[in-house]
Amino acid sequence: MKKTSTEPYVSTYLHSKGRRLGLPIAGNFELTARCNFNCPMCYVHMTDAQLRSCGKQELTAKQWLDIAKAARDKGMVFVLLTGGEPLVRKDFFEIYDGMREMGLLISINSNGSMLKGEILERFLENPPFRFNISLYGGSNETYRNMCGISAYDQVKENIRALRKAGVDVSLNLSITPYNKADLPQIYADAVELDVNVRASSYMYPSVRVNGDQYGCGNRLGCRESARYSVAWDLLRFTPEEFEKRAEAMMKLEAIESDGCPVEAGEGVRCRAGSTSFWMTWDGRMLPCGMMTRPEVNVMELGFDAAWETIRKETEKIKTPGKCVSCRYKDFCGACAAVYFTETGRFDGVPEYVCKRAEEIVEYTRRAYEERKAK
Ligand SMILES: C[S@@+](CC[C@H](N)C(=O)[O-])C[C@H]1O[C@@H](n2cnc3c(N)ncnc32)[C@H](O)[C@@H]1O
Ligand code: SF4
Ligand code: SF4
């Protein structure tokens, strides 16, 4: 499996400069909520019929290009086109070509199933900066169970064609109850395709779809989520890398709390709402696509005012005081979106995530000791 840095240095530099100056360096454009797959854990998903009856509309290609231009004029360099499945839009290339002409560096999140025929040809002529393709299983059967469509062979063939043409592809792997048994095959596929994989067994509660169902999700229980996270580590790391990681984790675990819980939490640590923003398919801006607030309507406010509002509102967010001195804070994966989707509050402690972190340490320790005993 390819092991590369997932971010070019120039991006790190631009984001740190953007943070100082309050610029929107990266935009996530959710072009549609529609998709030809039906993954149970998905945080944004509609059929054509659901979209027709929901009373809302997707932005038009022109509206997306107007927003992209305003964002670029304000500092945006990177764009992620996502969905739903962005390639279900018949006018996808009007948006894509228009953004390329603006000089934007475009990445695309896709389930990979439609990257064939004329669509593939067009991408081979004008490839994006990067494709992030989700691989949902290691067989057609897993795809049928998880996504409602037996697309495994097709997706692999499409990725092979992109790789053969030298297009930069990275895989996203969401580990769920439906594909947990396929990790060895998925790893073997990644090795064969020579691509990097970003895997996660943590699935956010999809509160954008399920209203106020905070903490609920079609996902693994926290113990199983930890177990499969470690199972993936055992596949992807060499024995030496795994040992080093295990030893670092066990050291962290040995740190005693000083017994003085901090009252005030920190602000948002990631780029959401400070140098990046999320545009929903119907024209609302959020700091991050997993959240439902803070939110503003870009079509009413205009891009610049929307960005300033999101920035200011994000600055007000405070995360839990308990996390400030927690020994697991650098690897539990908690962020503002996790706190919000797990508890309905930005300062709520996400029990599922805390328990999962403890279990990850425990499974890692057990695997480490088993290896040492051999
Ligand atoms: C929503 S999809 C959109 C792009 C494209 N349809 C795809 O599947 O890659 C983007 C990524 O989000 C992941 N995803 C979906 N629901 C999620 C959730 N509740 N928590 C975390 N990731 C999720 C998907 O597995 C996929 O890798
Ligand atoms: S393929 Fe992507 S957008 Fe479609 S249902 Fe699955 S996660 Fe959601
Ligand atoms: S493990 Fe829990 S308490 Fe500790 S940093 Fe993560 S979310 Fe906060």
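Tutor: A residue counts as buried if 20 or more other C-beta atoms lie within 10 Å of its own. Keep in mind that this is a predicted model.

Student: Is Cys-42 buried or exposed?

Tutor: Cys-42 sits in the loop between β1 (26-30) and α2 (48-53). It has 20 other C-beta atoms within 10 Å. The threshold for burial is 20 or more, so Cys-42 is buried.

Student: How far apart in space are the C-alpha atoms of Cys-42 and Pro-205?

Tutor: In sequence, Cys-42 and Pro-205 are 163 residues apart. In space, C-alpha to C-alpha, the separation is 8.9 Å.

Student: Which residues does Ser-206 touch, not counting those up to four places away in sequence?

Tutor: Ser-206 belongs to the loop between β6 and α9. Its C-alpha is separated by 6.6 Å from that of Cys-42, 164 residues apart along the chain. Cys-42 is among its contacts.

Student: Does Ser-206 count as buried or exposed?

Tutor: Ser-206 has 21 C-beta neighbours inside 10 Å. Burial takes 20 or more, so Ser-206 counts as buried.

Student: Which residues are around ligand 2, and how does the shell divide into nonpolar, polar and charged?

Tutor: Cys-42 turns up again here, in the shell around ligand 2. The residues are Cys-35, Phe-37, Asn-38, Cys-39, Cys-42, His-45, Gly-83, Gly-84, Glu-85, Asn-111 and Cys-147. By class they divide into 5 nonpolar, 5 polar and 1 charged.

Student: What is omega for the peptide bond from Gly-83 to Gly-84?

Tutor: Gly-83 and Gly-84 are both around ligand 2. Gly-84 is in the loop between β2 (78-82) and α4 (92-101). The bond from Gly-83 to Gly-84 is cis, with omega near 25°.

Student: Where is Pro-294, and what is omega for the bond from Arg-293 to Pro-294?

Tutor: Pro-294 is placed in the loop between β8 (284-286) and β9 (296-297). The peptide bond from Arg-293 to Pro-294 is cis, and its omega is near -5°.

Student: Which residues come nearest to ligand 1?

Tutor: The shell around ligand 1 has 17 residues. The shell divides into 7 nonpolar, 9 polar and 1 charged. Nearest are Asn-109, Ser-134, Asn-172, Ser-174 and Met-203.

Student: Which element gives the most to the shell around ligand 3?

Tutor: 13 residues surround ligand 3, and the closest are Cys-323, Cys-326, Cys-332, Ala-334 and Cys-354. Two elements give two or more residues, α13 (321-324) and α15 (351-373). By class the shell has 11 nonpolar, no polar and 2 charged residues. The element that gives the most, with 3 residues, is α15.

Student: Which residues are in contact with Arg-356, leaving aside its neighbours within four places in sequence?

Tutor: Arg-356 is in helix α15. It has 25 other C-beta atoms within 10 Å, so it is buried. The contacts are Tyr-202, Cys-222, Ser-225 and Ala-226.

Student: Why are the buried residues of α8 on the same side of the helix?

Tutor: The buried residues of α8 (183-193) are Leu-183, Ile-186, Tyr-187, Asp-189, Ala-190 and Leu-193. They are on the same side of α8 because they cover an arc of only 155° around the axis.

Student: What covers the buried residues of α8?

Tutor: Both helices and strands contribute to this cover. It includes α7 (152-164), β5 (169-174), β6 (196-200) and α9 (222-236).

Student: What about Asp-194: buried or exposed?

Tutor: Asp-194 follows α8, in the loop between α8 and β6. Its phi is near 60°, a positive value in a residue other than glycine. With 10 C-beta neighbours inside 10 Å, Asp-194 counts as exposed.

Student: At what angle do α3 and α12 pack?

Tutor: Ile-67, Ala-70, Ala-71 and Lys-74 in α3 meet Phe-303, Asp-304 and Trp-307 in α12. The residues of this contact divide into 5 nonpolar, no polar and 2 charged. The crossing is right-handed. The axes are 9 Å apart, and the angle is about 65°.

Key. Residues numbered from 1 in each chain as written. Chains lettered and ligands numbered in written order. Predicted model: local features only at pLDDT ≥ 70, side-chain atom pairs only at ≥ 80, totals over all residues. Buried ≥ 20, exposed ≤ 12 C-beta atoms within 10 Å, placed from the backbone. Helix = DSSP H or I, 4+ residues; strand = E, 2+ residues; numbered from the N terminus. Arc of directions from axis to C-beta. Contact = placed C-beta atoms within 7 Å. Near = placed C-beta within 6 Å. Nonpolar A, V, L, I, M, F, W, Y, C, P; charged D, E, K, R; others polar. Axes fitted to C-alpha atoms, helices over the stretch in contact; angles between N-to-C directions. Left-handed = near helix turned anticlockwise from the far one by under 90°.
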